[in-house]
Amino acid sequence: MSSSVPADESRDVPWLVLPTYNEAENIEAIVTAAGEVLSGVTDGAYSILIVDDGSPDGTGDIADRLSREREQVRVLHRSEKNGIGPAYLAGFRYALDHGAGYAMEMDSDFSHDPADLARLLEAVRSGADLALGSRYVPGGGVVDWGLLRRFISEGGSTYARWVLGLGIRDLTGGFKCFRRDVLEAIHFDSVRSQGYAFQVELTYRAARAGFRIVEVPIVFRDRELGQSKMSWRIAAEAMWLVPKLRFGRQPPLPDRAPVEVPAGR
Ligand SMILES: Nc1nc2c(ncn2[C@@H]2O[C@H](COP(=O)(O)OP(=O)(O)OP(=O)(O)O)[C@@H](O)[C@H]2O)c(=O)[nH]1
Ligand SMILES: [Mg+2]
């Protein structure tokens, strides 16, 4: 496939969705780094979709310039900061409508190493339905985090794994690759969560629907530039949502038999 093939024409095309809020210092470098990696594994047939929630620092203008300069880059502007969950859903909707074969999630602050995009995509191309970048499997990890942050993250994943009865070690991470069908099977209208809870909710829905989920080890680093948007409100949302997901009213399942989900380890 040559790079002149419009990405929309092939169902095998990965779309990387990059949510941004005040990432002016990171956006150009992350788009460049991700583009190099995706280009290497797709012969140029990929798209990068920046979803910017009206960042006051001008991220949206830089994104517009990048999309004028680079064939593969597009931008979705949303007027209000609404949380990472709604930003991703809008991005996924757009990617599916434009024929994405795979949709990938990654933070735009270099906490996720763009080089790992290749391994996530490979995992899905070779049979998984959903590949999760995982800090809590052998080979994965976190650098630069203090004790409190580690406790919240790892504790949150353990808690969610236990309540939901899933055998997945890292449920709160935001570095993922979905096969198209997985997103098509999730009823976006009934997804309510915004922060980390969003990551748990999508993975739980995919597991309940019987999709094959694999964890790919990744190392997570703290951002060097820009501000964190992590808050207690986001952590609290995740605490509440997990039992609601398990015991609350279930969203409709797609037309396929649920598989036995392995019990939490
Ligand atoms: N479009 C959009 N993007 C967001 C929003 N909140 C966070 N993001 C982006 O989502 C990604 C992850 O957010 P971060 O601020 O890094 O939050 P975090 O990873 O939880 O926190 P730190 O790692 O401590 O910085 C980054 O690319 C952010 O710019 C939002 O409300 N809308
Ligand atoms: Mg971050």
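Tutor: The secondary structure of the protein comes to 8 helices and 9 strands, and the model is a predicted one. Of its 265 residues, 52% count as buried, and residues 24 or more positions apart account for 81% of the contacts with a separation of 6 or more.

Student: Why are α5 and α8 called roughly parallel?

Tutor: Helix α5, residues 147–164, and helix α8, residues 232–247, pack at an angle of about 10 degrees, with their axes 9 Å apart. Angles under 35 degrees count as roughly parallel, and α5 and α8 therefore receive that description.

Student: Which residues of α5 and α8 meet?

Tutor: On the α5 side they are Leu148, Ile152, Tyr159, Ala160, Val163 and Leu164, and these meet Trp232, Met239, Val242, Pro243, Leu245, Arg246 and Phe247 in α8. The residues of this contact divide into 12 nonpolar, no polar and 1 charged.

Student: What makes α7 and α8 roughly parallel as well?

Tutor: The axes of helix α7, residues 196–208, and α8 cross at roughly 25 degrees and come within 7 Å. With the limit for roughly parallel set at under 35 degrees, α7 and α8 are therefore placed in that class. Their crossing is right-handed.

Student: Which residues make up the contact of α7 with α8?

Tutor: Tyr196, Ala197, Val200, Glu201 and Tyr204 in α7 meet Ile234, Glu237, Ala238, Leu241, Val242, Leu245 and Arg246 in α8. By class, the residues of this contact divide into 9 nonpolar, no polar and 3 charged.

Student: How do you know whether Glu201 is buried or exposed?

Tutor: Glu201, which lies in helix α7, has a relative accessible area of 4%. Buried means under 20% relative accessible area, so Glu201 is buried. If its neighbours within four places in sequence are left aside, Glu201 is in contact with Ser190, Val191, Arg192, Ser193, Leu241 and Leu245.

Student: And why does Asn22 count as partly exposed?

Tutor: The relative accessibility of Asn22 is 25%, whereas buried requires a value under 20% and exposed a value over 50%. Asn22 therefore counts as partly exposed.

Student: What is the phi of Asn22, and where is its place in the chain?

Tutor: Asn22 is not a glycine, yet its phi is positive, about 55 degrees, and its place is in the loop between β1 and α1. For comparison, most residues other than glycine have a negative phi.

Student: Which residue follows α1, and what is its phi?

Tutor: Asp43 follows α1, with a positive phi near 55 degrees, although Asp43 is not a glycine. Asp43 is found in the loop between α1 and β2.

Student: How do you know how the span of α1 compares with the expected value?

Tutor: Helix α1, residues 27–42, has 16 residues and reaches 22 Å from its first C-alpha to its last, which is close to the 22 Å expected at 1.5 Å a residue.

Student: Which residues of α1 are buried, and against what do they pack?

Tutor: The buried residues of α1 are Ile27, Ile30, Val31, Ala34, Gly35, Val37, Leu38 and Thr42. They pack against the strands β1 (14–20), β2 (47–52), β3 (73–77) and β4 (102–105), and against the helices α2 (59–69) and α4 (117–125). As background to such a list, an α-helix has 3.6 residues a turn, so residues three or four places apart point the same way.

Conventions:
Residues are numbered from 1 along each chain as its sequence is written. Chains are lettered from A and ligands numbered from 1 in the order in which they are written. This is a predicted model: local features need pLDDT of at least 70, side-chain atom pairs count only at pLDDT 80 or more; totals for chains, interfaces and linings use all residues. Side-chain values use heavy atoms; hydrogens and water are left out. Helices (H or I, at least four residues) and strands (E, at least two) are DSSP runs, numbered from the N terminus. The expected span of a helix is 1.5 Å times one less than its number of residues. Buried means under 20% relative accessible area, exposed over 50%, partly exposed in between (1.4 Å probe, protein chains only). Contact means heavy atoms within 4.5 Å. Axes are lines fitted to C-alpha atoms, for helices over the stretch in contact, and angles run from 0 to 180 degrees between N-to-C directions. Angles under 35 degrees count as roughly parallel, over 145 as roughly antiparallel, 65 to 115 as roughly perpendicular and the rest as oblique. Ala, Val, Leu, Ile, Met, Phe, Trp, Tyr, Cys and Pro count as nonpolar, Asp, Glu, Lys and Arg as charged, and the others, Gly among them, as polar. A crossing is left-handed if the near helix is turned anticlockwise from the far one by less than a right angle, and right-handed if clockwise.
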